[in-house]
Amino acid sequence: MKTPIFDFVSNYAKQNGVRLHMPGHKGNSSLGIEALDITEIKGADSLYEADGIINESEQYASQIFGSDTFYSTEGSSLCIRAMLYLVTLLASENRQRPLIFASRNAHKAFLSSVALLDLDVQWLTSERDDSYLSFTLSANELDEIIEKAERKPTAVYLTSPDYLGNVLDVKKIAEICHKHNVLLLVDNAHGAYLHFLGESKHPITLGADMCSDSAHKTLAVLTGGAYLHISKNAPSLFTEQAKNALSLFGSTSPSYLILQSLDLANKYIEEGYREKLLRFSVKAKNLCKTLKNHGYSLIGDEVLKITIQTKDYGYTGNEFADMLREKNIECEFSDPDFVVFMLTPEIDDGMLDSFEKTLLSIPRKNIITQKPPIPSLPKKAMSVRNATFSPKELLPREECLGRVLAFSEVGCPPAVPIIVSGEIIDENALKCFEYYGIQNCCVVK
């Protein structure tokens, strides 16, 4: 597998020439990586007008994933905005106003896209979930929802895997979407590796029309590296306009360091990654089995994620994370109920053994019976766009009952809002804010 981007930049760095172009460091070392940090000089191609080495590298990635694949150096957030813009273009061609049926655990990048593109959204909710981070949906349920809908959606937008490691049945859901001539978009930020698990479980393989992968989350790629995947069966407009869609929201100065890591990932994947991942998956499954036998409650079914429901073991998630931090183990995410660990084959046996021994050494305490408040679907006062662009003020949460949320100020992780812009803050929302430690709300004046 060739690595055209990395090879070009490496050769350029070796020339040690006079750099009278951006970046300002001119290749001089402070961090140690500056020599490989370039811009769109002659021969380096240009990400959003790619017809040279970047295009060649993206073609290799497309072959690997079996899709039309495009690079992002601004994470899945950029890919999500591009996906929704492409859906808007298609609806416009059909003289329709786009409507998206979206799972309520959508990332805030989805909400910013809705605000920027002024999309109509109908939220999909489930009473079976005990966290705002999760959403349960069967194909039959979706079939019934679309059948009963007064207005058929342009697309269904789902998050799978979610932040806690739950995976939806994308294959059957895709069949239902296509039965109704509806597109399926998947935020697959946590699942770039799913294509390489023996029989592929990647959304594109399973029938999604488009999906975003955060390559940096589970593959050997620098932070910010991501893929926009478009199915070969999707409308041709999507591939034709993909670069325009990405450039509409993306920086005109994409990072060549991130591009090189995406380029090298193609070689990394093709030279034994599948076998490495399968071997590591066995170790991860054995670790989960050991933890369960020890008394830990695990949730989710994603192979490279371990989510412990810590209250069953006698600790809050945040308390548990702090204990591990003292032992030099840093988790991906914690809240009052869960602690989440993301695994990859880059974790060697020594690290994995140390992690296991540490977890097994933590004494079990009495179960904490307190349950989290479950967010309801608040009343909508205005559109996401109108609320986002309205005059706003920041108030203590205690003063926000009955006010309209203007902007969802949520950190990442998990970057999933409890309620969204344009909704009225009710008593239940305030309980959720208190439980999850949200002190202030940005509301419409």
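**Ground rules**

I am working with a predicted model, in which local features need pLDDT of at least 70, side-chain atom pairs count only at pLDDT 80 or more, and totals for chains, interfaces and linings use all residues. Residues are numbered from 1 along each chain as its sequence is written, and side-chain values use heavy atoms, with hydrogens and water left out.

**Salt bridges**

My search of the whole structure gave 20 salt bridges (a side-chain nitrogen of Lys or Arg within 4 Å of a carboxyl oxygen of Asp or Glu).

I looked up Lys179 and found it bridged to Asp143, with the closest N and O atoms 3.1 Å apart. This pair links distant parts of the chain: Lys179 sits in helix α6 (residues 170–179) and Asp143 in helix α5 (residues 139–148), 36 residues apart. For the element names I rely on DSSP runs numbered from the N terminus, with helices (H or I) of at least four residues and strands (E) of at least two.

Are the two partners buried or exposed? Lys179 is exposed at 53% relative accessible area, whereas Asp143 counts as buried at 16%. My cut-offs are under 20% for buried, over 50% for exposed and partly exposed in between, with a 1.4 Å probe and protein chains only.

Next came Arg274 and Glu270, whose closest N and O atoms are 3.0 Å apart in a salt bridge. Both lie in helix α10 (residues 256–294), four residues apart, or about one turn of the helix. I noted Arg274 as partly exposed at 28% and Glu270 as partly exposed at 38%.

I also checked Glu330, which meets Arg325 in a salt bridge at 2.9 Å, N to O. Here Glu330 is exposed at 53%, and Arg325 is partly exposed at 36%.

**A three-stranded sheet**

I traced an open sheet of three strands in the order β12-β14-β13, with antiparallel pairing (two strands pair if DSSP finds at least two bridges between them). Its edge strands, each pairing on one side only, are β12 (392–396) and β13 (405–407). From one strand to the next, the twist averages 55 degrees.

I then followed β13 to strand β14 (residues 440–444), and the two pair in the antiparallel sense over two bridges. Phe407 stands opposite Cys442 in β14.

**Helices α1 and α2**

How do the axes of α1 and α2 cross? Helix α1 (residues 4–15) and helix α2 (residues 53–65) have axes that come within 8 Å and cross at roughly 145 degrees. The axes are lines fitted to C-alpha atoms over the stretch in contact, and angles run from 0 to 180 degrees between N-to-C directions.

On the α1 side I listed Pro4, Ile5 and Phe8, which meet Ile53, Ile54, Glu56, Ser57 and Tyr60 in α2 (contact means heavy atoms within 4.5 Å).

**Ser103**

My last stop was Ser103, in strand β2 (residues 99–103). Ser103 is buried, with a relative accessible area of 0%. Leaving aside residues up to four places away in sequence, I found that Ser103 touches Trp123, Leu124, Phe135, Tyr157, Leu158 and Thr159.
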